[in-house]
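Please look over the sequence and the predicted model shown below. The report after it takes the chains one at a time and then turns to the contact between them.

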Amino acid sequence: MGFTGFFLITFLIVHCFINGMIVFGDNGETFNHWASFMGTNWIVRVMEIGLFAGLILHIVQGLILWGQNKKARPIKYAISKYREGKWYSRSMGLLGTLILMFLIVHLYHFWTPSRLGGLLGIRTLEETSLGIYNGQKVHNLYSEMVIVFQNPWIVIIYVLGMISLCWHLLHGFQSAFQTFGITHKKYAPLIKGVGVFYSIVICTLFALMPISIYLKWIN
Amino acid sequence: MEHYSMNLKLKVWRQKNASSKGKFETFEVQNISSEMSFLEMFDVLNERLVNEGKNPVAFDHDCREGICGSCSMYVNGQAHGPWEKNTVCQLHMRAFKDGDTIVVEPWRSGAFPVIKDLVVDRGAFDRIIQAGGFVSVNTGNAVDANSLPIEKQKADESFFAASCIGCGACVAACPNGAAMLFVSAKVSQLALLPQGMPERKTRVLNMVSQMDKEGFGNCTNIYECEAVCPKGISVSNIARMNREYFGAGTTAEE
């Protein structure tokens, strides 16, 4: 859980960094440049397989944990009060399910048309005239963002997805370190602090993307 | 603190044996002194039940001074009741006030089957200890204290881990029913000392494997165990056990 979780944490940094390129206000040119690199470079494509494997493993591990932990307490308490256990630490499965639901919507919007467009009637994206990779045209994922985020309900789904992700990370980040056995009186508060900072910054940045496009803060 | 008396309503879990289905039974107890311990309050109830020819409530207890780890009651949704770093025998009735309703349940864990009422079988813990909680040093005369130097800090940490009384509150309070705090304390107390070195790798592997066999849940680092532990055993022991386990799992030759 910790290893796959940490792997996914590093992915989010890259994803957030590249998507942050939309702030340049150059009609997505910088962003599309980076996105097409991610879409065409073979090393990145191989890593993408690893990413999906890591994600699936994370989900499978989570389901196994959930099943075993449910079995470990066949009769539940009539009352249970918690002193230390935070609600989000105890609701990682629920938060994870919400994130998965968001992820399915998210992949449907951007990943499937870009990667699988044209196959089995999956819609394709319009292309840019960037022509930066061997003169080939690349998918204009920026304009897809602008189109998708016109619908306020989709913006709300994305923001709720990021709120779930934020709580999930607040527990997951520091929990991964504990699982690895990395804890020390001196730097445990640092790990905790970095975890809180990371969770809030990453999720706020991601949530700002649909919001800023919907509210036309970015042109 | 001023003495006072109270009347209470108790909702107590009654279960005939491991195979029967239990249910809550409600009792009223009168004139309970604020200076009684929680178990003495149960003694008062049980004396009355015996006098009435009824079956007294079975519960585990031994030293009644918070060091043996026998008592095990889940009081109003908390292992050992509302006081911190406390066993239920050392919980005093001044924690409650007149007219309160108190819900008392046994530890609930698949690995701790209920024997009767509030008594659970914690034999799973004994089997985990048997799997590796020992050292293969010669017994006999105590050796000279300076023949085996031990760093002060390590000795202290080992003693802190060894203060675990094995009551099972960590398992009871863990939302996952995991036994990691107990097992990690028992692994740590020996892994920190030179006497524990010969079995260092096999110990952690065997004890964790026995823990899994007993059907405890998995640790997801919620840290409720540390918060309810009567001895304040730290979750840093769990991190140490994880390190020991990774190390042993990748290098042990057996």
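## Chain A

In this predicted model, chain A has 219 residues, of which 26% are buried. Its secondary structure consists of eight helices and zero strands. Among the contacts in chain A with a separation of 6 or more, 70% are between residues 24 or more positions apart.

Two packed helices are described by the angle between their axes and the distance between the axes.

| Helix | Partner helix | Axes come within | Crossing angle |
|---|---|---|---|
| α1(A), residues 2-19 | α3(A), residues 42-71 | 9 Å | roughly 135 degrees |
| α5(A), residues 92-116 | α7(A), residues 152-180 | 9 Å | roughly 140 degrees |

### α1(A) with α3(A)

An angle over 145 degrees would count as roughly antiparallel. The angle here is roughly 135 degrees, and α1(A) and α3(A) are therefore oblique to each other. Their crossing is left-handed. On the side of α1(A), the contact is made by A:Thr4, A:Gly5, A:Phe7, A:Leu8 and A:Phe11. They meet A:Leu51, A:Gly54, A:Leu55, A:Leu57, A:His58 and A:Gln61 in α3(A). By class, six of the residues in this contact are nonpolar, five are polar and none is charged.

### α5(A) with α7(A)

The crossing of α5(A) and α7(A) is also left-handed. From α5(A), the residues in contact are A:Met92, A:Leu95, A:Gly96, A:Leu98, A:Ile99, A:Phe102 and A:Val105. From α7(A), they are A:Ile157, A:Gly161, A:Ser164, A:Leu165, A:Trp167, A:His168 and A:His171. This contact has nine nonpolar and five polar residues, and no charged ones.

## Chain B

Strand β5(B) pairs with two other strands described here. With β1(B), residues 5-14, the pairing is parallel and runs over four bridges. In this pairing, B:Lys9 stands opposite B:Thr101 of β5(B). With β3(B), residues 74-75, the pairing is antiparallel and has two bridges. Here B:Tyr74 stands opposite B:Glu105 of β5(B).

Strand β1(B) also holds B:Leu8. Is B:Leu8 buried or exposed? A residue counts as buried if 20 or more other C-beta atoms lie within 10 Å of its own. B:Leu8 has 20 such atoms within 10 Å, so B:Leu8 is buried. Leaving aside neighbours within four places in sequence, B:Leu8 is in contact with B:Val29, B:Ile32, B:Phe96, B:Asp100 and B:Ile102. B:Val44 lies 36 residues from B:Leu8 in sequence, and the two are 12 Å apart in space, C-alpha to C-alpha.

## Where the chains meet

How many residues of chain B are in contact with chain A? There are 33 of them, and they touch 27 residues of chain A. Three elements of chain B each supply at least two residues of this side: β5 (101-105), α7 (224-228) and α8 (236-251). The most comes from α8(B), with seven residues. By class, the side of chain B that touches chain A has 13 nonpolar, 14 polar and six charged residues.

Definitions and conventions. Residues are numbered from 1 along each chain as its sequence is written. Chains are lettered from A and ligands numbered from 1 in the order in which they are written. This is a predicted model: local features need pLDDT of at least 70, side-chain atom pairs count only at pLDDT 80 or more; totals for chains, interfaces and linings use all residues. Axes are lines fitted to C-alpha atoms, for helices over the stretch in contact, and angles run from 0 to 180 degrees between N-to-C directions. Angles under 35 degrees count as roughly parallel, over 145 as roughly antiparallel, 65 to 115 as roughly perpendicular and the rest as oblique. A crossing is left-handed if the near helix is turned anticlockwise from the far one by less than a right angle, and right-handed if clockwise. Two residues are in contact if their C-beta atoms, placed from the backbone, lie within 7 Å. Ala, Val, Leu, Ile, Met, Phe, Trp, Tyr, Cys and Pro count as nonpolar, Asp, Glu, Lys and Arg as charged, and the others, Gly among them, as polar. A residue is buried if 20 or more other C-beta atoms lie within 10 Å of its own, exposed if 12 or fewer, and partly exposed in between; C-beta atoms are placed from the backbone. Two strands pair if DSSP finds at least two bridges between them.
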